[in-house]
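Please consider the structure below.

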Amino acid sequence: MPEFLMPSLGADMTQGTLVEWAVKPGDRVHRGDVVAVVETSKGAIDVEIFSDGIIDQLLVPEGTTVPVGEPLALVRSDGRPEPEAPAAPAEAPVRPVTREPAPEAPAEPAVPVEPSTPAPAAEARGEAAARVRASPAARRRAEELDVDIGKLQGTGPGGAVVIADVEQASGPGPAEEETPNPMGEKPRALTEAPGDIREIIAAAMTRSKREIPHYYLSNWVDLAPANGWLADWNDSHPVEERLIPGVLMIRAVALALERFHEFNGFFRDGKFQPGDGIHVGAAISLRRGGLVAPGLRDANKRSLVELMTAFRGLVARARAGRLKASEMAGGTITVSSLGEQGVEEVYPVIYSPQVAIVGFGTPSERPWVVEGRVEPRWLVRVSLAADHRVSDGHRGALFLEAVTHLLQEPDSL
């Protein structure tokens with residue numbers, strides 16, 4: 001029977017904590033459905049399933065830390081008949097089911113979870129709470145305030161209960177006055193402390209530098225054409241359609257990759273594997289430290305407005321800890337921009353198993369020669385780190401030149 005495995009949500013992930021099941025045995029699922037929430041050092045990630053079927057068994061209880069690649073559930077083919085009753089099959093399961101008791105269990109099961117006999121009020125309340133979709137932080141807050149989370153109506157994504165819902169239900173009182181963030185829900189708590197996050201990232205980057213033969217190239221880009229075009233666009237469009245320079249940079253990289261395929265993909269099993277599309281990973285810093293690089297799928301096929309909307313959504317979900325597994329593992333190349341942080345040039349490290357990463361420094365006004373005249377111009381330094389096993393400096397230079405050309409002709413974006 002096919003197994004649903006703990007996914008790898010980044011090169012620096014070795015394990016994750018399953019904090020919530022969104023399905024139960026007997027549920028029919030379809031490709032792309034969110035079936036679980038996994039918490040990693042980068043936050044809580046909605047994990048999707050990638051095939052149609054019926055959940056047969058949940059193999060891992062909520063709250064369990066599981067290595068990448070470990071089975072989490074068994075999924076029957078969608079074509080197989082469903083069981084006539086919700087009870088577990090007569091044959092003994094290979095691993096314990098977390099939601100349903102084994103049929104041989106006595107009226108008072110030895111394991112003190114999910115009793116098969118009618119539960120007292122407190123236990124019934126716990127079962128109701130377990131079925132509610134809620135962030136781990138909201139569950140912890142509900143325990144602190146003694147709020148029955150099973151009775152709450154969530155206002156978060158997909159109707160999930162968030163901290164604000166719990167605190168509103170608790171009513172005024174000393175506990176509420178001690179809430180550290182009266183403005184609303186805090187980002188999800190991470191499973192590791194900030195120091196641990198740094199260790200995880202350092203280990204991944206060390207492995208990348210050790211195993212990948214990096215080479216680096218950089219180039220100055222005159223942003224005057226792009227800045228002028230962007231100012232005209234934003235002046236003539238409503239707020240929800242306004243753009244930021246970073247989206248133009250992502251779009252330029254995506255279009256350049258249409259010509260230079262060797263920078264878009266992965267190095268696995270000793271060879272280059274092209275990406276199934278141009279999915280640009282956008283590096284986003286997290287408020288509690290570290291960063292993530294969720295993928296903007298088919299960035300070369302989206303308009304600038306569509307990219308801006310998708311990018312805004314990625315930033316919001318990343319910092320709230322609500323990214324999906326497909327976003328976390330979806331990038332075929334990464335773009336890192338330091339925006340207004342005052343750094344001239346970025347020397348990025350490739351996000352293995354990708355084979356290239358593009359960095360943009362902080363735009364600055366400098367003297368520049370234009371048609372024989374020295375003029376003040378806004379320039380940005382764009383850099384490329386690429387895998388020498390897949391490409392070389394000649395192709396890398398042509399790729400950077402293509403990115404430069406696209407940014408200097410913004411109408412082509």
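**Surroundings of E345**

E345 touches S218, R381 and S383, not counting residues up to four places away in sequence; contact means heavy atoms within 4.5 Å. The model is predicted, with local features needing pLDDT of at least 70 and side-chain atom pairs counting only at pLDDT 80 or more, while totals for chains, interfaces and linings use all residues. Residues are numbered from 1 along each chain as its sequence is written, and side-chain values use heavy atoms, with hydrogens and water left out.

- E345 lies in the loop between strand 17 (333-337) and strand 18; helices (H or I, at least four residues) and strands (E, at least two) are DSSP runs, numbered from the N terminus.
- E345 counts as buried because its relative accessibility is 16%; buried means under 20% relative accessible area, exposed over 50%, and partly exposed in between (1.4 Å probe, protein chains only).
- The side chains of E345 and S218 are joined by a polar contact of 2.8 Å, and the side chain of E345 makes another polar contact with that of Y347 (3.2 Å).
- A polar contact is a pair of N or O atoms within 3.5 Å; within protein, one must be able to donate a hydrogen and the other to accept it, and residues adjacent in sequence count only if both atoms are side-chain atoms.

**Pairings of strand 20**

- Strand 20 (residues 373-387) pairs with strand 9 (residues 214-222) in the antiparallel sense over nine bridges, and H214 has D387 as its bridge partner; two strands pair if DSSP finds at least two bridges between them.
- Strand 18 (residues 356-360) runs antiparallel to strand 20 and is joined to it by five bridges, with S383 as the bridge partner of G359.
- Seven bridges link strand 19 (residues 364-370) to strand 20, again in the antiparallel sense, and V370 is partnered by R373.
- Strands 19 and 20 form a hairpin with two residues between them, and E371 in the turn has a positive phi of about 50°.

- An open sheet is formed by four strands in the order 1-8-6-3, with antiparallel pairing.
- Strand 1 (3-5) and strand 3 (28-29) stand at the edges with a single partner strand each, so one side of each is left without a neighbour in the sheet.
- Strand 3 is joined to strand 6 (residues 53-58) by two bridges, and G53 is the bridge partner of V29.

**Helix 8**

- Buried residues of helix 8 include L304, L307, F311 and L314.
- Just after helix 8, G321 takes a positive phi of about 70°.
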